[in-house]
Amino acid sequence: MIVKFPRRLAKKFHADERGSATIEAVLWLPAFVFLFVMIADVSLVFHRQSQILRVTQDANRAYSVGRLSNNAATEDFIKSALANLSSRVTATTVVTGGVIKSDVRVPVVDLVAVGVFKFLRGYNISVRAEHFLEY
């Protein structure tokens with residue numbers, strides 16, 4: 001049995017535009033969410049990179065004025081201060097020609113909030129800070 005709509009009802013249904021914005025919103029919503037997640041992750045990585053740099057500079061300054069006694073103590077200070085960001089922090093400190101140089105590496109995947117971007121797995125954030133030895 002075939003049911004036919006009256007022409008008046010079909011014309012009214014075709015001309016009605018209520019709900020058309022909803023369909024467009026549903027189509028664009030995933031793109032906007034993806035964009036916002038990407039912006040949040042990149043912003044968080046840059047913010048945490050500045051935190052890593054600040055901790056590295058503080059450690060070098062503490063070594064410079066004698067609060068930290070040697071390279072190993074400086075590396076341990078950096079690792080413990082950054083333990084809340086990542087458990088895979090690597091820090092290397094050397095003194096060359098009266099200059100303290102510290103290199104710190106942290107995997108990017110440990111710094112992001114959501115972690116949906118799998119292509120970031122092989123990358124590290126690398127920070128280097130140098131400070132003159134004062135004592």
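Colleague: What is the relative accessibility of D103?
Modeller: This is a predicted model in which local features need pLDDT of at least 70, side-chain atom pairs count only at pLDDT 80 or more, and totals for chains, interfaces and linings use all residues. Residues are numbered from 1 along each chain as its sequence is written, and side-chain values use heavy atoms, with hydrogens and water left out. Buried means under 20% relative accessible area, exposed means over 50%, and partly exposed is in between (1.4 Å probe, protein chains only). D103 therefore counts as partly exposed, its relative accessibility being 28%.

Colleague: What is the N to O distance in the salt bridge of R128 and D103?
Modeller: A salt bridge here is a side-chain nitrogen of Lys or Arg within 4 Å of a carboxyl oxygen of Asp or Glu. The side chains of R128 and D103 meet in one, with N and O separated by 2.8 Å. This pair links distant parts of the chain, R128 being in strand β3 and D103 in strand β2, 25 residues apart. The N to O distance itself is 2.8 Å.

Colleague: How many residues apart in sequence are the parts that D110 and R88 tie together?
Modeller: D110 forms a salt bridge with R88, with their closest N and O atoms 2.7 Å apart. Because D110 lies in the loop between β2 (99–107) and β3 (124–132), and R88 in the loop between α3 and β1 (90–96), the pair ties together parts whose separation in residues is 22.

Colleague: Which residues are linked with R54 in a network of salt bridges?
Modeller: R54 and D58 both lie in helix α2, 4 residues apart, about one turn of the helix; helices (H or I, at least four residues) and strands (E, at least two) are DSSP runs, numbered from the N terminus. Their side chains meet in a salt bridge of 3.5 Å, N to O, and R54 is partly exposed at 45% relative accessibility, as is D58 with a relative accessible area of 27%. The residues linked with R54 in the network are D58 and R61.

Colleague: Is S64 buried or exposed?
Modeller: S64 is found in helix α2 (residues 20–64). Not counting residues up to four places away in sequence, S64 touches I100, H131, F132, L133, E134 and Y135, where contact means heavy atoms within 4.5 Å. With a relative accessible area of 0%, S64 is buried.

Colleague: Over what arc do the buried residues of α3 lie around the axis?
Modeller: In helix α3 (residues 71–81), the buried residues are T74, E75 and I78. They sit on the same side of α3 because their arc around the axis is only 100°. The arc is that of the directions from the helix axis to the C-beta atoms, and here its value is 100°.

Colleague: How much accessible area does the nonpolar patch containing F46 have together?
Modeller: Patches are made of residues with over 30% relative accessible area and no salt bridge, like charges being joined within 9 Å and nonpolar side chains (Val, Leu, Ile, Met, Phe, Trp, Tyr) within 5 Å. Accessible areas come from the Shrake-Rupley method with a 1.4 Å probe, and for residues only the protein chains shown count as cover. Among the members of this surface patch are M38 and F46, of which M38 is partly exposed, with a relative accessible area of 34%, and F46 is exposed, at 54%. Together, the accessible area of the patch is about 1200 Å².
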